[in-house]
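Subject: Structure handover and notes

Hello,

Here is the structure we spoke about, with its sequence. My notes come after it.

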Amino acid sequence: MRIVIAMDKFAGTLSAPEAVQAVTDGWHRTQPGDEITGVPMSDGGPGFLDALAGAFAGRRRYEERLATVTGPLGTEVTGRYLIELRGGAAGGTEVSGHPTAYIEVAEAAGLHLVPAEERDAKAATSYGVGELIAAALDDGARRLVIGLGGTCTTDGGAGMLAALGAEPAEALRAGGAALKHLETLDLAEPRRRLEGVEVVIASDVDNPLLGLRGAAAVFGPQKGATPDDVQRLDAALTRFAELAGAIGQEPGAVRRTLDAPGAGAGGGLGYGLLLLGGHRVPGIGTVIAETGLADVIAGADLVITGEGRFDHSSLGGKVPTGVAEAALRSARPCIVLAGRVEVGKRELANAGFAAAYEVAEQAGSAEEAMARAGFHLAALAERVAKSWSHA
């Protein structure tokens, strides 16, 4: 029997590759003869590069590049990006033509880079994201696929724009709250640098920049923002958007950008990238396309997906739903293995899932499931294989 295992991360416990490996190990304990293809997945947030690298291995020529960039609170961090290789020896580094670069914004502005007690949504900057983009452009990239999510910033992408040449640079890189005092905004240089470059914004978040569903209101609290901070940040982002509107070339264009799905993703980084001509696509759809998952699924008998918490938000464009839709197009059954399952059977069936299984139930409690996530996920896969494999 041919099995495709396309898992997302289990936040706080397992990376996507680790989740794939746990399911593979458990399944093979029951059915060692089954042919398993593991494809780590991501919706554009943390784990985006790992998912792509795992899928590219042996299939596409790429190289991981490192760049020292500015972290969210000003200290240096080492960020990665992937760049497609064209030409050169099999293991060489020669890049020719106009390759694609893959960037994960959490590498430079991720929530994981700042201890919980030090998080400051008002001061955190996306400047390092712009430095990663600049490094990829210097490498010759003419197409950028940017995984957007998991940031500790709420600056509307202002810091990123500053790193690419926007002015006034010091004010733009000082964090979201500082945008309240902006008097001018010049985006000529970043727009020049990105001219002719395709910018793909891969994100599962469809929030606008401002308001009750905006970057500050929805995501600010998890980044350390108090209710007062949320109001200050929303006002500051409004000022930033007003200045961006003052340089708009078409009446109504900036309003559409503000309200565009995904403008509020990544603390408003989606908005900053939209100002540079980027176009947003669902993150899971991007990963499925870039990894060739649909073709892999077409040759399978069963598809397994999952994530840490499988709830109603999972049905709105996250990894499991994207995988299930790909499986449905090839008429392949798709099941879910998740830390917690909070979706009813009818909703599961309507979304294209054949069944869902819970690690917490297998482990006896949510606490035990998180304490030994890999062990219990493998044990769950071992048990589920008895029902689903007919090798």
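Predicted model: local features only at pLDDT ≥ 70, side-chain atom pairs only at ≥ 80, totals over all residues.

Overall

The chain contains 18 helices and 13 strands. Its radius of gyration is 21 Å, close to the 21 Å that the globule rule gives for 391 residues, so the chain is as compact as a globular protein of that length. Along the principal axes, the C-alpha atoms fill a box of roughly 65 × 55 × 40 Å. Of the 391 residues, 54% are buried. Among contacts with a separation of 6 or more, 73% are between residues 24 or more positions apart.

Helix α4 takes in residues 127-138. From first C-alpha to last, α4 reaches 17 Å over its 12 residues, close to the 16 Å expected at 1.5 Å a residue. Because 10 of its 12 residues are buried, α4 is largely enclosed by the rest of the structure. The buried residues are Tyr127, Gly128, Val129, Gly130, Leu132, Ile133, Ala134, Ala135, Ala136 and Leu137. After α4 comes Gly140, with a positive phi near 100°.

In α11 (residues 265-275), 11 of the 11 residues are buried, so this helix too is largely enclosed by the rest of the structure. The buried residues of α11 include the glycines Gly266, Gly267, Gly268, Gly270 and Gly272. Leu269, Leu273, Leu274 and Leu275 are also buried there, as are Ala265 and Tyr271. Gly277, which follows α11, has a positive phi near 95°.

Helix α14 (residues 319-329) is mostly covered, with 8 of its 11 residues buried. These are Val319, Pro320, Thr321, Gly322, Val323, Ala324, Ala326 and Ala327. What do they pack against? The partners are strands β1 (2-7), β9 (302-306), β10 and β11 (334-338), together with helices α12 (283-291) and α13 (293-298).

Aromatic rings

A pair of aromatic rings is described by the distance of the centres and the angle of the planes. There are 2 aromatic pairs in the structure. One is formed by Phe240 and Tyr271, which lie 6.0 Å centre to centre with 75° between the planes, an edge-to-face arrangement. This pair links distant parts of the chain: Phe240 belongs to helix α9 (residues 227-246) and Tyr271 to helix α11, 31 residues apart. Phe240 and Tyr271 are both buried.

The other pair is Phe310 with Phe353; their ring centres are 5.3 Å apart and their planes are at 80°, so this pair is edge-to-face. Phe310 counts as buried because its relative accessibility is 0%. Phe353 is buried as well, with a relative accessible area of 5%.

The charged end of Arg173 sits over the ring of Tyr127, 3.7 Å from its centre; Tyr127 is one of the buried residues of α4. The charged end of Arg372 sits over the ring of Phe375, 4.4 Å from its centre.

Backbone details

Most residues other than glycine have a negative phi, and most peptide bonds are trans.

- Which peptide bond is cis? The bond from Glu167 to Pro168 is, with omega near 0°. Pro168 is in the loop between α5 (158-163) and α6 (169-172).
- Ala331, a residue other than glycine, has a positive phi near 55°. Ala331 follows α14 and lies in the loop between α14 and β11. Is Ala331 buried or exposed? Its relative accessibility is 63%, so Ala331 counts as exposed, the cut-off for exposed being over 50%.

Regards

Methods. Residues numbered from 1 in each chain as written. Heavy atoms only, no water. Helix = DSSP H or I, 4+ residues; strand = E, 2+ residues; numbered from the N terminus. Expected span 1.5 Å × (residues − 1). Buried < 20%, exposed > 50% of the residue type's maximum accessible area, 1.4 Å probe, protein only. Phe/Tyr/Trp six-rings, centres within 6.5 Å; stacked < 30°, edge-to-face > 60°. Lys NZ or Arg CZ within 6 Å of the ring centre and 35° of its normal. Rg over C-alpha atoms; globule rule 2.2 N^0.38 Å. Contact = heavy atoms within 4.5 Å.
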